[in-house]
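I set out to record what I looked up in this structure. The entries follow in the order in which I made them.

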Amino acid sequence: MRTRREKLSASIMASIREHRRRGGAVHNVPSEVSEEGFVIASYNVHKCVGIDGKFDPYRTKEVIREIGADVLALQEADTRFGERRGLLDLEWLERETGLSPVPVAGIAKAHGWHGNVILFREGLVRDVHQVKLPGLEPRGALISELELKGGGALRVIAAHLGLLHRSRHQQARMIIDLLRSRADQPTILLGDLNEWRLGDRSSLNTLAPVFGLPSAVPSFPSRLPVLALDRIMSNRPDILGPVAVHDSALARLASDHLPIKARVRLDAAAAVGDPGQDI
């Protein structure tokens, strides 16, 4: 009998074969984003361990500086167990990039919540919620409402979903339920959503009533990306530009994920949202 890991690997390989059979259409995305609006990005830093097996936080920090984001969600920025110690020098990041962490309560040495960190360049934090997501693994999400300088209000949900399909479905359902209990406003959901399936079998279909079907931009593995594990999506499709991968020599080495990024134009949020969205 195959182990859970072997079944997972077989499922991933089947998705890669399907991706190739379809001609790799998800590669048809811009390598750069437009120059209007804020840059929002997501990056699984893999606990600052590169594909060469070396723990190198400085290398991770350099990739973050390369991205040039105004709002950045990180995953796996803390040790996973024990005291969940943070692995990055946040003071260095703020000096070098102008990015400040959204504060989270009740943790002494970690940077974020279950490894999730939200960094932003200029503005005010109006609200922060730490959400423990259901499932067999320790997974979480950060929900922050930001007032960005010169740009207006934006709700940012940074999440890292589980490896199991059932868990991802439950976690996506919980995120939708949380949103429906809150006031309507422009919202970005981003992070490592760990879904390699496309089409009807994707657990991300649970998010479709609010976020639509997110762009599938291959970001994993970083050396030869074929799986779109990392996603950026919005409840207001008019505010979000094309999603692109940040592909540099250093990014391909520093983590097993490549960062992804997009432009957000909050001035477009004045337009009326989709009538089908009921949050």
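This is a predicted model: local features need pLDDT of at least 70, side-chain atom pairs count only at pLDDT 80 or more; totals for chains, interfaces and linings use all residues.

Entry 1, contacts of Ile 188. I listed the contacts of Ile 188 (heavy atoms within 4.5 Å), leaving out residues up to four places away in sequence. Ile 188 touches Ile 40, Leu 154, Arg 155, Val 156, Ile 157, Ile 232, Met 233, Ser 234, Ile 239, Leu 240 and Val 264.

Residues are numbered from 1 along each chain as its sequence is written, and side-chain values use heavy atoms, with hydrogens and water left out.

I took a nonpolar core as a set of buried Ala, Val, Leu, Ile, Met, Phe, Trp, Tyr and Cys residues joined through side-chain atoms within 4.5 Å. Buried means under 20% relative accessible area, exposed over 50%, and partly exposed in between (1.4 Å probe, protein chains only). The largest nonpolar core has 48 residues, and Ile 40, Tyr 43, Leu 72, Leu 74, Ile 188 and Ile 232 touch the most other members. Strand β1 (residues 38-44) gives the most to this core, namely five residues. Helices (H or I, at least four residues) and strands (E, at least two) are DSSP runs, numbered from the N terminus. I also found a second, separate core of 18 residues, which includes Val 131, Leu 161, Leu 189 and Phe 211. In soluble globular proteins, nonpolar side chains tend to be buried together.

I placed Pro 186 in the loop between α4 (165-180) and β8 (187-192). Pro 186 is buried, because its relative accessible area is 11%.

Entry 5, the open sheet. Which order do the five strands of the open sheet take? I read β5-β6-β7-β8-β9, with mixed pairing; two strands pair if DSSP finds at least two bridges between them. β5 (123-133) and β9 (230-234) stand at the edges with a single partner strand each, so one side of each has no neighbour in the sheet. Neighbouring strands of this sheet are turned by 15 degrees against each other on average, direction ignored. Axes are lines fitted to C-alpha atoms, for helices over the stretch in contact, and angles run from 0 to 180 degrees between N-to-C directions. β5 and β6 (residues 139-148) run antiparallel and are joined by ten bridges; Leu 124 has Glu 147 in β6 as its bridge partner. I saw that α4 lies across β5, β6, β7 (152-160) and β8, at about 135 degrees to β5.

I counted 16 salt bridges, each a side-chain nitrogen of Lys or Arg within 4 Å of a carboxyl oxygen of Asp or Glu. Arg 65 and Glu 62 form one, with the closest N and O atoms 2.8 Å apart. Both residues lie in helix α2 (residues 57-67), three residues apart, about one turn of the helix. Is Arg 65 buried or partly exposed? Arg 65 is partly exposed at 35% relative accessible area, whereas Glu 62 is buried at 15%.

Arg 139 and Glu 137 meet in a salt bridge of 3.0 Å, N to O. Arg 139 counts as buried at 8% relative accessibility, and Glu 137 counts as buried at 17%. Salt bridges that share partners join Asp 52, Asp 56 and Arg 59 into one network.
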